[in-house]
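Please look over the structure shown here before reading on, and keep it in view while you work through the numbered points of this note.

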Amino acid sequence: MGILGFGRVTKLENLDVKVLKRERITQEVRQDQLMVRLRGAQEQYDSLMELASEPGTSDGEIDVAAYRMSQVLKTKDRAEQDLQQVLSRMSVIDSTLVVLNNKM
């Protein structure tokens with residue numbers, strides 16, 4: 001497998017700067033999407049917490065809210081993992097671009 005998953009590229013000289021820049025933009029879009037997903041999950045979690053902590057809430061409603069909160073946390077954790085991968089990938093792309101620019 002090649003560097004960054006770009007096919008059979010094995011040498012730094014064979015990488016195309018335009019392709020790397022396009023991949024960087026793709027990763028930025030993915031980062032934005034994941035940030036929206038994280039914010040949405042946090043808002044959902046907070047609203048469930050408020051709902052469950054209201055006075056007069058039955059035990060059944062609290063249990064349902066707790067279950068839904070655990071599901072939201074799983075979604076949030078997965079989005080955080082994906083975001084970390086995107087950030088790592090962006091860092092590698094940036095470093096590769098710097099190396100290529102310095103080489104030119």
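Is Glu23 buried or exposed?

1. Glu23 is buried, since its relative accessible area is 15%, and a residue counts as buried when that value is under 20%. Please keep in mind, here and in every point that follows, that this is a predicted model.

2. On the overall build, the protein has two helices and zero strands. Its radius of gyration is 21 Å, well over the 13 Å that the globule rule gives for 104 residues, so the protein is more spread out than a compact globule. Taken along the principal axes, the C-alpha atoms fill a box of roughly 70 × 20 × 15 Å, and 28% of the 104 residues count as buried.

3. Returning to Glu23, you can find its side chain meeting that of Arg89 in a salt bridge, with 3.0 Å from N to O. Because Glu23 lies in helix α1 and Arg89 in helix α2, this pair ties together parts that are 66 residues apart in sequence.

4. Arg30 is partly exposed, with a relative accessible area of 29%, whereas Asp82, at 9% relative accessibility, counts as buried.

5. Arg78 counts as partly exposed, at 47% relative accessibility.

6. How many salt bridges are there in the count? The count comes to five, and among the residues involved, Arg24, Glu28 and Asp94 are joined into one network by salt bridges that share partners.

7. Finally, please turn to the surface, where Glu43, Asp46, Glu50 and Glu54 gather in a patch of negative charge. One of these residues, Glu54, has its place in the loop between α1 (17-52) and α2 (59-103), and Glu54 is partly exposed, with a relative accessible area of 46%.

Conventions. Residues are numbered from 1 along each chain as its sequence is written. This is a predicted model: local features need pLDDT of at least 70, side-chain atom pairs count only at pLDDT 80 or more; totals for chains, interfaces and linings use all residues. Side-chain values use heavy atoms; hydrogens and water are left out. Patches are made of residues with over 30% relative accessible area and no salt bridge: like charges are joined within 9 Å, nonpolar side chains (Val, Leu, Ile, Met, Phe, Trp, Tyr) within 5 Å. Accessible areas come from the Shrake-Rupley method with a 1.4 Å probe; for residues, only the protein chains shown count as cover. A salt bridge is a side-chain nitrogen of Lys or Arg within 4 Å of a carboxyl oxygen of Asp or Glu. Lys and Arg count as positive and Asp and Glu as negative; His and the chain ends are not counted. The place of a charge is taken as NZ of Lys, CZ of Arg, CG of Asp or CD of Glu. Helices (H or I, at least four residues) and strands (E, at least two) are DSSP runs, numbered from the N terminus. Buried means under 20% relative accessible area, exposed over 50%, partly exposed in between (1.4 Å probe, protein chains only). The radius of gyration is taken over C-alpha atoms; the globule rule is 2.2 Å times the number of residues to the power 0.38.
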